[in-house]
Amino acid sequence: MGFGTWLRSILSPPGAMPADVLMLSSSSQSDLSSSLQRLSPGERGWIGLQEAAHLFSGKHPEYAFGEMDEEGSHRLAEFAAKAKCNIQFMPMEGRMYFIRNE
């Protein structure tokens with residue numbers, strides 16, 4: 001963790017979303033995976049929920065990853081596990097955040 005990142009983590013309220021969260025490449029799963037590898041452990045990046053639906057679900061973006069989309073949810077969870085990331089859905093923002101574990 002760099003000094004600037006450390007300083008922001010000390011001064012920011014808990015759970016605050018940094019203004020400079022990286023928008024990840026989402027043109028393909030391969031591009032997303034490469035983008036995730038560039039994140040430092042604990043760092044967040046995001047893609048739009050529509051892009052996530054396109055990459056991992058066969059459902060309309062409005063219904064992707066819901067109760068009726070077990071297949072899409074499974075593909076997304078499998079991808080996140082391989083990429084060593086946690087996922088955070090933010091529907092009000094229209095984003096899906098990936099948080100790098102390692």
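Reader: Leaving aside neighbours within four places in sequence, what is Ser26 in contact with?

Author: Ile47, Glu51 and Leu55 are in contact with Ser26. Contact means heavy atoms within 4.5 Å. One caution: this is a predicted model, where local features need pLDDT of at least 70, side-chain atom pairs count only at pLDDT 80 or more, and totals for chains, interfaces and linings use all residues. Residues are numbered from 1 along each chain as its sequence is written, and side-chain values use heavy atoms, with hydrogens and water left out.

Reader: Where is Ser26 found?

Author: In the loop between strand 1 (22-23) and helix 2 (29-37). Helices (H or I, at least four residues) and strands (E, at least two) are DSSP runs, numbered from the N terminus.

Reader: Why does Ser26 count as buried?

Author: Because its relative accessibility is 16%. Buried means under 20% relative accessible area, exposed over 50%, partly exposed in between (1.4 Å probe, protein chains only).

Reader: And Ile47, what is in contact with that, again leaving aside neighbours within four places in sequence?

Author: Ser26 is on the list, and so are Leu24, Leu32, Ala52, Leu55, Gly94, Arg95, Met96 and Phe98.

Reader: Switching to the core. Which residues have the most contacts inside the largest nonpolar core?

Author: Leu32, Leu36, Ile47, Met96 and Phe98, in a core of 18 residues. Such a core is a set of buried Ala, Val, Leu, Ile, Met, Phe, Trp, Tyr and Cys residues joined through side-chain atoms within 4.5 Å.

Reader: Which elements give two or more residues to this core?

Author: Helix 2, helix 3 (49-56), helix 4 (70-83) and strand 4. Helix 3 gives the largest share, 5 residues.

Reader: How many residues of strand 4 are buried?

Author: 5 of 6, so strand 4 is mostly covered.

Reader: What does strand 4 pair with?

Author: Strand 3 (residues 85-90) pairs with strand 4 (residues 95-100) in the antiparallel sense over 6 bridges. Strand 2 (residues 44-48) also runs antiparallel to strand 4, joined by 5 bridges. Pairing needs at least two DSSP bridges between the strands.

Reader: Which residue in strand 4 is the bridge partner of Gln88?

Author: Tyr97. Met90 has Arg95 as its bridge partner, and Gly45 stands opposite Phe98.
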